[in-house]
Amino acid sequence: MIRGNSIPSDLIWTGNINQRPEVQRGFDRTKTVRFYDTTLRDGEQAVGVVFSADAKYEIACRLAELGVGRIESGFPRVSEEDTEAIRRILAAGLQSEIWGFSRAVKADLDAHIELGTTAVLIEIATSPKKMEAYGFTRETVIARMTDAIRYARDHGMKVNFFPVDCTRSDFDFLEQIYKAALAAGAEDISVVDTIGACAPEAVELLIRKVASWVGPNVPIHWHGHNDFGLATAAAIAAVRGGATWIHGTINGMGERAGNADICEVALALQCLYNVPVEMDLTKARQVSELVCRKGNYQVDRWKPVVGEALFIRESGAVAAQFHIPDAIEPYSSAVVGAERGIVLGKKSGLANIEIKAKELNLQLSPERFPGLLTAVKERATQTHQLISDQEFVTMASRLQ
């Protein structure tokens with residue numbers, strides 16, 4: 001098993017440029033980055049995705065096996081099914097911490113208290129636009145937030161304060177409300193890019209600013225979205241700025257363009273920045289497949305970490321280098337528990353024929369390779385599809 005920062009250096013083939021001091025500087029590598037997974041709540045906000053209670057329970061179990069430090073079980077007031085899922089997850093005895101989600105509303109907290117939730121993320125809007133949308137004033141926000149945190153703490157729950165849309169909040173108010181949340185009893189705080197509008201450079205700046213307000217002993221979480229395709233980059237910038245918890249989902253699923261993909265972030269932090277993380281990436285593809293199946297959707301074949309075609313080669317020029325993985329791949333397939341392989345199609349070359357023949361134990365002389373390649377390319381061009389192994393065996397038997 002390859003876990004955390006134990007990926008052997010000989011399985012990472014990213015070159016020397018990433019090791020330059022100007023690339024590597026700024027990270028505190030004495031701290032292990034951990035992950036707070038919100039697939040079961042924020043991830044399910046992806047349009048058209050509905051997880052059953054059974055699915056949520058099964059996904060939570062797999063997340064724990066993946067090494068996720070904290071699993072957000074959900075929001076019990078959404079439905080009875082969500083309540084049942086949270087009850088089962090809490091009772092499962094998983095190694096991961098199980099956290100609940102709540103607005104700064106007493107009834108939300110009561111639902112978790114009744115279930116026995118011992119840790120809760122409490123959200124409230126802090127940006128001018130969001131406060132206007134809810135009809136809140138600054139005074140209302142601080143009063144509701146502090147009351148909710150105190151109520152949760154009075155009932156024995158750990159609290160992470162989650163200021164919605166804080167990346168578009170005024171700095172003076174943001175400093176005030178973070179300090180008020182800590183004074184009310186919050187132990188962790190989140191920096192939240194609700195609409196995915198924060199550039200990576202701005203993320204690092206903001207994390208450092210927040211760290212200066214809350215001090216070195218308060219864990220800082222980063223919660224980002226992918227609206228500009230920069231969720232992974234933003235998460236890395238957050239770690240450089242001092243965040244030690246990254247929020248995200250499996251496959252990056254979520255509302256609009258989705259959340260940060262925790263497996264992508266974990267891979268990049270380890271392979272590119274030498275930052276220790278808590279995650280077993282060899283299980284990433286299994287969890288991804290489960291979430292896709294239970295959510296009734298698919299990810300791109302070329303998606304980082306989990307795409308089914310990441311280590312499959314069709315191009316003849318690339319297949320000719322297949323015997324030297326580090327010539328055509330940035331890291332070993334073993335890092336993410338994937339299989340390497342060759343397929344046959346329009347773009348294939350003689351190397352594909354040779355490798356596939358050996359794979360299928362076909363005794364073919366090299367003189368037959370050109371004719372088979374021609375047949376493969378013609379068939380693939382005609383059908384606009386790859387050639388299956390059975391089709392290739394049939395072709396080989398016909399072209400004697």
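**Close-up views of a predicted model**

**View 1. The largest pocket.** The largest pocket holds about 680 Å³ of space. A pocket here is an open set of points on a 1 Å grid over the protein atoms alone, where a 1.4 Å probe fits, with protein on both sides within 12 Å along at least five of seven lines. Its volume is the space filled by probe spheres set on the points, which are joined across faces, edges and corners. This is a predicted model: local features need pLDDT of at least 70, side-chain atom pairs count only at pLDDT 80 or more, and totals for chains, interfaces and linings use all residues. Residues are numbered from 1 along each chain as its sequence is written, and side-chain values use heavy atoms, without hydrogens and water.

**View 2. The pocket lining.** The lining comprises 30 residues, each with an atom within 4 Å of a point. R41, Q45, F101, E123 and Y134 lie nearest the pocket centre. β4 gives the most to the lining, with three residues. Helices (H or I, at least four residues) and strands (E, at least two) are DSSP runs, numbered from the N terminus.

**View 3. Y134 in helix α5.** Y134 is found in helix α5.

**View 4. The loop at A257.** A257 sits in the loop between β8 (245-248) and α10 (262-273). A257 is partly exposed, with a relative accessible area of 39%. A257 touches N226, D227 and G252 (heavy atoms within 4.5 Å), not counting residues up to four places away in sequence.

How values were computed:
Buried means under 20% relative accessible area, exposed over 50%, partly exposed in between (1.4 Å probe, protein chains only).
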